[in-house]
Amino acid sequence: MNIISKQKNRGTKAIQIESLHKNFGEYKALNNLSLEVNRGEIFGFLGLNGAGKTTTIKTLLGMLRPTSGKLYMLGEKVHAGNYKLWDKVGYLEEATFYPDLTLIENLDIARRMQGVSDKESVNRVICKLGLEPHEKKKAKQLSLGNKQRLGLAKAMIHNPEIMILDEPINGLDPAGVAEIRNMLYDLAKNFGVTIFISSHLLEELAKVATRLGIIHNGHLIQEIEMAKLEQSLQKNLVLDGRDKNALKSVLKEQGYEFEETMDGHLKLTDGHALESPERLAELLVKSNQPPTLLRVITEDLEGYFLRTIGMVRGNI
Amino acid sequence: MNILSVLHCEIRKIIRSNVFGLVFLVFAFGPIMMGVGTILSSNTGDINWQMYLTELLSGLAALGLIGYTFISAWVFGREFSDKTIKDLLSKPVSRSQIVMSKLLVILAWDLLLALFMFVVALAAGGVLGVTGWSDALIGDVFFRFIITSLLFIVVTTPGTFLANISKGYLAPLGLILVIVIFSNVLASMGFAPYFPWTIPSVFQSTGFLNLSSIIILASTGIAGIVGTFAWWRFAEQQ
């Protein structure tokens, strides 16, 4: 890792997108998208299919021209002619390779194209990703997981300062997912690599990202630090009893707001029930309607995501 | 980034692919079959090298057009079909260097194929007992065949451009089949010196091209190359 150049650029953001618009004819793929990613951050980029994730990434890589707006990486303006910038950026959209070439030949081509003179970098990245047993295999003969590892190896062979990864853990088994997650975490924490990761695997993204951005209809609608996510997740009190109608009457009399869930329980949506569930339990017992279920349920990441983009998953 | 390094990658990608060997295998059949056909169609059954090569190479040069178009379409088109185009565009290499490297390896591969077809034609003639060998004659015929092949290679560049805008190698192959049909029709109508893809055949048969033919041929080749460079520099990669 080039520490000197990293220090020189320390003041600038790793990625800056300012008021980005991208239209395909009448269709607005990106609509006033702005975001910033700090150095050494693992930024999770979340959105539905067609939300604008890939368009954002392709624009960020100079493959698409913005209709309006500006993009910077490491303080340098992004455009197709500024190809030297890709010396500091590693990119994986999907595992692509030359099928008739072996894994090691594919990596050697990536090394040369990245302008890395040290031939040992190929062996180092092979070791890092545990690809030693497969290095002589033709790329087309690799398993899906190892193809994905090859893609990652190509994206990091030149020790980039920024890695842009689109669905990097597709096809990996659970052990592989954990391994890649740890590796990305290590790259960010110990080597200051900025990682911009887009994935539909919400739970996995939550495990690795330090900050999350949610894109919907081409617009960034939410940014949240993962450390603060817990506070943002909606909590509900769910209860049930033997006589549901009597239970409902008691709740109505006491001014509690509730709704019935798909599995027949009652979900209390007002805050004071959540603050002191023991008082509600006491009230129900005194009203001769002791609850058979009383539980505080915290929304999962998927629920949070769907709520943020204004979609309803179902009443649970 | 040194262009030699990009060139090295391009050569390696081609030589290690199955298509490289397959092209030579397929195009070995052309001269063999045409050679046998040429001998069988001669009235006496006895044929000399002059007659054999004159008849054979006019057919071979046109066959080469299909081969050269396939090569240029494949070298560019495979980056789209293998989806490696995004890899290429996110490397610290100027796009013009990538295009230049590809055009150079296409030229080298095309010339190698032309040479290969000529050698196979000679070998087939030798086996079939063609008589009247003369080093000077073979040298002259070879020189004209290589120039003709180069002229055909020049007019494959619109196919190269089409491979890029269509993001694959099927469209240029379709185009060249249409062009071959048109070429026969136009040549029979006397327009061979004015249609870019029949001009090389004019040179093959006469050893000469007039200025208008040279201008048409050069313009076609340059248009294909400029279009390809411009496409790589300015087109969006969705």
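Student: What is the area buried between chain A and chain B?

Tutor: About 3200 Å², with carbon and sulfur atoms giving 54% of that area. Buried area is the accessible area (1.4 Å probe) that two parts lose on being put together, summed over both. The model is predicted: local features need pLDDT of at least 70, side-chain atom pairs count only at pLDDT 80 or more, and totals for chains, interfaces and linings use all residues. Residues are numbered from 1 along each chain as its sequence is written, chains are lettered from A and ligands numbered from 1 in the order in which they are written, and side-chain values use heavy atoms, with hydrogens and water left out.

Student: Which three residues supply more than any other three of the area that chain A buries against chain B?

Tutor: Met63(A), Tyr98(A) and Met113(A), with 25%.

Student: How many residues does the contact take from chain A and from chain B?

Tutor: Chain A gives 34 residues and chain B gives 32 residues. Contact means heavy atoms within 4.5 Å.

Student: What makes the pair Arg12(B) and Asp108(A) a salt bridge?

Tutor: The definition asks for a side-chain nitrogen of Lys or Arg within 4 Å of a carboxyl oxygen of Asp or Glu. The closest N and O atoms of Arg12(B) and Asp108(A) are 2.6 Å apart, so the pair is a salt bridge. The count between chain A and chain B is five salt bridges. There are also 13 residue pairs in polar contact between chain A and chain B, both residues at pLDDT 80 or more.

Student: Which element gives the largest share of the side of chain A that touches chain B?

Tutor: H3(A), with six residues. Helices (H or I, at least four residues) and strands (E, at least two) are DSSP runs, numbered from the N terminus.

Student: How do the residues of that side of chain A divide?

Tutor: Into 14 nonpolar, six polar and 14 charged. Ala, Val, Leu, Ile, Met, Phe, Trp, Tyr, Cys and Pro count as nonpolar, Asp, Glu, Lys and Arg as charged, and the others, Gly among them, as polar.

Student: Why is Ser17(B) called buried?

Tutor: Buried means under 20% relative accessible area, exposed over 50%, partly exposed in between (1.4 Å probe, protein chains only). Ser17(B) has 4% relative accessibility, so Ser17(B) counts as buried. Ser17(B) lies in the loop between helix H1 (3–15) and helix H2 (18–41) of chain B. Beyond neighbours within four places in sequence, Ser17(B) is in contact with Asp100(A) and Trp74(B).

Student: What does the side chain of Ser17(B) reach?

Tutor: The backbone oxygen of Ile14(B), at 2.7 Å. A polar contact is a pair of N or O atoms within 3.5 Å; within protein, one must be able to donate a hydrogen and the other to accept it, and residues adjacent in sequence count only if both atoms are side-chain atoms.

Student: Is Ile14(B) buried or exposed?

Tutor: Buried, because its relative accessible area is 6%. Ile14(B) sits in helix H1 of chain B. Leaving aside neighbours within four places in sequence, its contacts include Phe20(B), Trp74(B) and Trp109(B).

Student: Why is Lys167(B) called partly exposed?

Tutor: Lys167(B) has a relative accessible area of 36%, so Lys167(B) is partly exposed. Lys167(B) is in the loop between helix H7 (157–165) and helix H8 (170–188) of chain B. Lys167(B) is not a glycine, yet has a positive phi of about 55 degrees.

Student: Is Leu74(A) buried or exposed?

Tutor: Leu74(A) is at 3% relative accessibility, so Leu74(A) counts as buried. Phi of Leu74(A) is positive, near 50 degrees.
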